[in-house]
Amino acid sequence: MSSRALLMWDEAVTGYDFGPEHPMDPVRLALTMGLVRAYGLDRRVDVVAAKPAGESTLRLVHREDYVAAVRAASADPRKADAGYGLGTVDDPAFAGMHEVSALIAGQSVGAAEAVWRGEAGHAVNFAGGLHHAMPGSASGFCIYNDASLAIARLLELGAERVAYVDVDVHHGDGVQAAFWEDPRVLTISLHEHPRHLFPQTGWPEETGAPGAGEGGAVNVALPPGTGDEGWLRAFHAVVPEVLAEFRPQVLVTQHGADTHFEDPLAHLAVSLDAQRAVQEACHDLAHAYADGRWVALGGGGYAVVDVVPRSWTHLVGIAAHAPVEPESVIPQEWKDLVYARTRQLGPGRMTDGRWPVEWRDWSEGYDPADRLDQAVLATRRAVFPLRGLLA
């Protein structure tokens with residue numbers, strides 16, 4: 001396995017822009033790349049741009065009529081068809097929408113191809129992770145589901161077991177739906193409980209299609225207010241055991257930064273330091289169970305100055321085997337960029353002051369009256385027996 005790490009980047013991905021009033025501000029991508037460069041991480045990875053996903057690639061997941069609808073709305077936003085989820089409040093149509101969405105998807109597919117072929121051990125596309133898009137509709141700020149497309153391409157290339165781990169605050173519903181019946185793909189999602197947050201799916205009882213797909217979906221529905229200790233406890237109580245049993249050939253992970261306590265669209269209370277700890281855990285799990293093959297994607301995240309660039313710069317550093325120290329002082333050149341682009345003052349360090357984050361391992365016992373432990377138990381009881389594991 002190659003020790004090379006790739007960072008998939010094309011400046012044109014910042015054209016994924018739903019407009020000035022939309023929470024998914026593409027400045028978060030530009031600021032992340034700026035911080036990566038400020039730390040010199042662009043010299044520790046190979047920065048490459050893949051071609052946009054073509055029609056045949058998009059069709060691995062998306063219906064032909066949906067791709068045609070995206071193309072039509074892209075050429076003339078006034079023709080957006082709300083029946084396909086286009087031209088809505090969440091997914092406004094904009095000129096060039098198809099082209100930039102296909103470009104983002106192409107970066108994730110290119111990352112997957114490079115890792116599968118042994119050209120790189122790790123590959124990051126922080127512009128990706130658009131996990132809500134369905135085969136026949138846009139949803140939740142997502143036009144094309146690049147995560148699903150990357151996984152589908154891995155299967156097309158011959159992969160027999162691909163694991164997907166999603167730690168975005170929202171359920172990875174589009175990826176789960178794409179592989180609901182496919183035993184070759186294991187989807188794991190940790191997210192805020194669907195009773196409280198979009199897309200209102202991801203209940204622990206959602207375990208895959210009866211028959212071959214049963215046990216292929218794993219969902220940990222976390223109570224609102226879950227902080228660092230509970231989030232890490234839940235992750236480690238579920239993810240490593242399931243991956244060890246599944247033995248993936250490739251690990252694909254989605255690192256939405258919207259679990260953060262500053263994020264305006266959700267209700268978890270996770271710090272940047274805990275996000276970094278999970279990124280490190282995913283890296284270690286890739287080496288432990290997938291021969292080091294790791295494709296890491298971005299996702300949600302709407303604290304676009306204080307949180308997203310720091311979180312995903314940590315992700316790039318970990319993938320490059322050049323992790324950024326949490327206590328490091330952020331270079332002034334990046335803070336100047338932040339002010340020039342947003343008229344805001346950027347954060348001063350790469351930590352929220354909680355490093356190292358401590359948490360209690362599940363093996364030490366659980367409290368049946370604790371809401372977090374109840375959530376973990378619900379998942380383990382729903383899915384572990386289906387995989388031959390002790391709940």
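**Burial and core of a predicted chain**

Buried residues, meaning those under 20% relative accessible area with a 1.4 Å probe and protein chains only, make up 62% of the 391 residues in the chain. This is a predicted model, in which local features need pLDDT of at least 70, side-chain atom pairs count only at pLDDT 80 or more, and totals for chains, interfaces and linings use all residues. Residues are numbered from 1 along each chain as its sequence is written, and side-chain values use heavy atoms, with hydrogens and water left out.

Q: What radius of gyration does the chain have, against that of a compact globule?
A: The radius is taken over C-alpha atoms, and the globule rule is 2.2 Å times the number of residues to the power 0.38. For 391 residues a compact globule would come near 21 Å, which agrees with the chain's value of 19 Å.

Q: Which residues have the most contacts inside the largest nonpolar core?
A: Such a core is a set of buried Ala, Val, Leu, Ile, Met, Phe, Trp, Tyr and Cys residues joined through side-chain atoms within 4.5 Å. The largest one has 132 residues, and those with the most contacts inside it are Leu86, Ile143 and Phe235.

Q: Which helix gives the largest share of this core?
A: Helices here are DSSP runs of H or I with at least four residues, numbered from the N terminus. The largest share, eleven residues, comes from residues 97–116, which form helix α4.

Q: What share of contacts between residues at least 6 apart in sequence joins residues at least 24 apart?
A: Contact means heavy atoms within 4.5 Å. Among contacts in the chain between residues at least 6 apart, the share joining residues at least 24 apart is 77%.

Note on methods
Buried < 20%, exposed > 50% of the residue type's maximum accessible area, 1.4 Å probe, protein only. Helix = DSSP H or I, 4+ residues; strand = E, 2+ residues; numbered from the N terminus.
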